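I opened this structure to look up a few things. My notes follow in the order I took them.

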Amino acid sequence: MIAEPNSVANLPNHKENGIHEEVVSESTVQNGSCLRNGNVKTFRGKRKIREQCENRRRHPSDGRRPNQPQNGEVVEAVTLFEVVIMGKSAMQSVVDDWIEAYKSDRDVALLDLINFFIQCSGCQGMVTAEMFQSSQNCDVMQKMTETFDEATGLQYKKFMAYPWILTVTWPVDMDDKDYPLVKAGPYWKKFRTNFCDFTSVLVQQCQFSILYDNYLMDTIISLLSGLAESMVRAFRHTSTLAAMKLLTALVNLIVSIDVSKHNLERLYEVEKNRTTGKRTNTRLDQLEKKKKEYEQKHLDIENMMNAIFKGTFLQRYRDIIPEIRAICIEEIACWMTTYPDRFLTDSYLKYIGWMLYDKQPDVRLKCLQGLQGIFGQKALGCKMDLFTCRFKDRLVSMTLDRDHEVAVQAMKLLMLMSQNYEDALSSEDCETLYQFVYATHRPLAVAAGEFLYNSLIVQEIEIEAFSKSNAKWEPNSSQLRALIDFFLESEVKLHSHVTYLVDSLWDWAPSLLKDWEYMTALLLGNADSHEQALTDAHERVLIEIILATVREAAEFHPPVGRGGTRRILSSREKKIQVEDCTRITEHFIVVLPQLLAKYSVDTEKVTNLLHIPQYFDLELCSAELLDKHLDTFLSEIKAVVSKHSYTDVLNACARVYATLCGEDGSGHKKVGLARDELVDELVHDLNQSLNTFWDEGGGFRAEKEGIHHICLTLRRITAFHHAHDLTRWNLYGTLAKLLGFEVEQNALPVQILWPALQCAYSALLWQLSSALETTSSKESILALRTHLKQYCHICTCYLSHRSRKLREKAFMILCDLLMIVSHQGLSDGLIECVEYLPSSSLQSKLLFFVEDHVFAEEPREFRVLTGEEVKKMEEQKLDALQQKRCLLAAYCKLIVHNVVEMTAAAEIYKHYMRTYNDFGDIIKETLSRTRQNDKIQSAKTLILCLQQLFQKHARSQDNSNSINSIDSSFNNIKELARRFALTFGWDQVKSRESVAMIHKDGIEFAFQGIGALEGKSLPPNLNFLLILSEFSNKLLKPDKRLVYSYLLRYTSEPALCKEEFVYSLEWYRTSLLASDEDESSIISSISEWPSDRTPCKKTLSEGSCAKASHTEMANTPSHAHCPSDLPSLAQNSRKRLKSHDSCHQEYPSGPERLKRKYSIPDGGKVENTVEVLAEEADIDVVGADQET
């Protein structure tokens, strides 16, 4: 019996060599050909085999790992499997012991080895063996099969392992997905390593003794080939791995034999030349004999390799299991690099080429890794021409593989091909691969960066000798120019992200990218005099590269989009980071003023240069150097502020002051004094200009130049107020007066109002922040309250301003301000500082603004446009769409955070279908967030949206109640309901309360006013049931019955018996009924109705809704028909529910019984049908305990 891998308790009782209950046929025993072993017993029949396997299944092991000591127990390994799996001894000594046993009794030792391979497959069965004799077993080849014996309930596999016929028997319930090679954990990972080592060491140790006895290897190869043909995954996987490792060991052996043979031939030639003329030479005879011996061994090993390759590899390299295919490809690549004379041919390379198209990424990965080993050796390139020509396009396309690791390895392979083999890749291929430096996945981008650096940048270094003075700079100059040219070409095509380009090259060209001294020298013109001057585009790109390299060195983290969470730096990395920050600070504090002075007019260049100081660390800079150059640096920044009016430049200047001052004001004192001096000048200039233009009557009178001057001053102050607390300059009062004047007179230009509105907002935020962080007086709190209300009123007024740009700015500021004041952790003194929620009028204005500026359709221009005009218009549309998305997102945040009422979202949801491509993601996220906040209220908002759309549709149809299936407006409402239903997902239990609330409100809306009509006319909203039916598939089956019982209370009116409205009512009933018979009958009746508005000629059948309801509920009081909410039900019996309808047994009644809030009036009696349905419903799904 083969030992169980999971068995521990029985291990000490195992027999020697692991041969347990081996069975040989009686005929074989009589012929004297049986295995001589004390442990081998005669055949007892299939009954004994079955009993042994049944005992194993009835008395399983305790699940512990094999041969692991438990509670101090000492386990002794007795079989090869146990020794290998424990791994306590050196593998070489284990194999040597087995070789000694083989020399003593090769049959017993071989049977032990066979048991080893069977046990490594996880087989818990039995192995029987009989000797093959051609005279008595002539039909054995026809019986070698794998079948299931119904009599014993066991699985059999009978196959040839010459000179034996082996029969492996195992239980049918053998786990095909839990055998040693696929088990998880370090223990089984070590077993896999030991298993592979055992196969390799076995060949290595047998090469001098028993490897060529024409018995051992024939038996092993026959065994592994037979197991590899099994339908059992464990046998195929284990035997394929063993066979491939065996062939690898044979390849290594034949290579060593060829080396020995080559050395022997050289020695033979030397000895032959030395003994020329002599008749006999014993040394030559010995060498000749040894040479023939090597040739015979070589031939024998060749035969072994052919047998394994044809018997195992060719059968399993296309196996259905990807792990088996990966093993075959991994090993054949190893054979090609180890023994290229035999395996590195097109007849073998085709297998790797074919598997490049495998569906599993692991197999494709093994192909690429194997090819890397081949293409990494230049000597093998001459044999790869045909393969490269055939599969190069596939290799290039694999850089776009959806598996990131496959794409990375494909890029590395192509880089090796480009380096070691000329003309392996065309220029078009290289251009395609270069663009991967902009990829989002960083490992792929880094691999592409290495390819770009080695293929393009390094080759640009001139070979000519360098002068001593320029020996450091001239190579970098060539590389920098190549890098800049590459980026400019990429920028023309698509990419303009120099930050990602620098990050891709960071690991391969640190000396180039950190050579800031040479980069700035090129910009200042201090480099080599004979260097060609940089163009304006080259200077712009070089400044961007400097900024990107400074950021990478200071932050030591990839840019946004490429890196996840920031990792903890090692001590070495921290040391490099500190050194780089010191270099950056000490160098650019000196050079940056010169660069600012040179490019002070160029907005883009100055903006990029002003971003560099945010990476300064003044504490690391020497005090002498800082005092010497800081004043010059600050004066240049002040000059930039006075020259520029662009927002980006001014914001960058303000951030420079903020960085150098420090967040807590702990920076250099000179910086703070310089900032205060600059702000004093700006504020004084603003006040003086405004005082000049205020006329005596309180009006505003200014010329064009004066307005431009005020606008520039306001922009500068706004930029600084955004980054610095300028509260002590009391700017809000001046700005509020200016903004209030516009509200009253509507006479100020927009270029003044825009920065004034933003600056006043910054002033309020700084005041609010100061009030929250420090203890404020009552006067300051009241002043802040007044300012906030005043500013909200100003922004509300600006929502109707003549300038669209200003209206949108006021809306964004107002939404942000409402978010801030509604979610601040205010102290007790500030609780009533401002209203947390906007008033109803303000909410209406905000909603109207969104409707008008986001969802309103813009008029189309019908005129012929040129190509440039079309391109310009497309860009304008994209910008306008982006602005609309920002406006909608700002308003949806107010809904999600309960700043405005959730019912306002109904107006947003109406546009979901029409604007799905533009705003679908924002609306879906709003729906998801509101549902997380309040499921019931979110459901009511959805049904409210559908109700409003239905009413609008009804008004457009002149209040007609007839149905038109081709009405696009009605179908759009149904489609919107279907989309809403899909948002609830597959978890019906989680959304049961929300869906039930939708049905409840929908039914009430459909039968609205039925009591007042008194049967004279039909409810105007009855067709809404067709829309409501889209949510029926989200109800659990018990909930459908409950909702159906609620529906029956409204179906007793005579007016509902009209044939024209059976369609809507029956369609909705069909969606609720759980019985297949009822549903099929109703669907068949509905299918006969025409789709147009003409009256239907079909009469109601017996048992239909109208007739039954009219008869059964004739005596029911009218107030019981239209309750305000779904009634709570009396306690129900689960047994009754199960006995009433067996088709409901599979549905649970819910996680818990909900509380009942509503009840049926005492004076009314519900008819029998409703009572039965109500009693059988086990749960009230409406969630009546939820307060609405």
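A polar contact, as I use the term, is a pair of N or O atoms within 3.5 Å, where one must be able to donate a hydrogen and the other to accept it. I also note that the model is predicted.

**Entry 1: helix α16.** I began with the start of α16. There, a side-chain oxygen of Asp403 comes to within 3.3 Å of the backbone nitrogen of Glu405. Next I checked the length of α16, residues 404–420. Its 17 residues, at 1.5 Å a residue, should span 24 Å, and the end C-alpha atoms are 25 Å apart, which agrees.

Is α16 mostly covered or mostly uncovered? I found it mostly covered, with 12 of its 17 residues buried. Among them are Val406, Met411, Leu414 and Asn420. I then asked which helices the buried residues of α16 pack against. They are α14 (361–375), α15 (385–397), α17 (427–434) and α18 (442–457).

**Entry 2: Gln419.** I stayed in α16, where Gln419 is found. Gln419 has a relative accessible area of 39%, so I call it partly exposed, the class between 20% and 50%.

Entry 3: Most residues other than glycine have a negative phi. I therefore looked at exceptions to that rule. Asp423 is not a glycine, yet its phi is positive, about 60 degrees. I located Asp423 in the loop between α16 and α17. Its relative accessible area is 76%, so Asp423 is exposed, the cut-off being over 50%.

Asn214 also has a positive phi of about 60 degrees, and it is not a glycine. Where is Asn214 placed? I found Asn214 in the loop between α7 (186–206) and α8 (216–228). With a relative accessible area of 61%, Asn214 is exposed.

**Entry 4: the nonpolar core.** Nonpolar side chains tend to be buried together in soluble globular proteins. How many residues does the largest nonpolar core have here? I read 316 residues. Those with the most contacts inside this core are Trp98, Leu113, Tyr791 and Tyr891. Helix α9 (residues 233–274) gives the largest share of the core, 16 residues.

Conventions. Residues are numbered from 1 along each chain as its sequence is written. This is a predicted model: local features need pLDDT of at least 70, side-chain atom pairs count only at pLDDT 80 or more; totals for chains, interfaces and linings use all residues. Side-chain values use heavy atoms; hydrogens and water are left out. A nonpolar core is a set of buried Ala, Val, Leu, Ile, Met, Phe, Trp, Tyr and Cys residues joined through side-chain atoms within 4.5 Å. Buried means under 20% relative accessible area, exposed over 50%, partly exposed in between (1.4 Å probe, protein chains only). Helices (H or I, at least four residues) and strands (E, at least two) are DSSP runs, numbered from the N terminus. The expected span of a helix is 1.5 Å times one less than its number of residues. Contact means heavy atoms within 4.5 Å.
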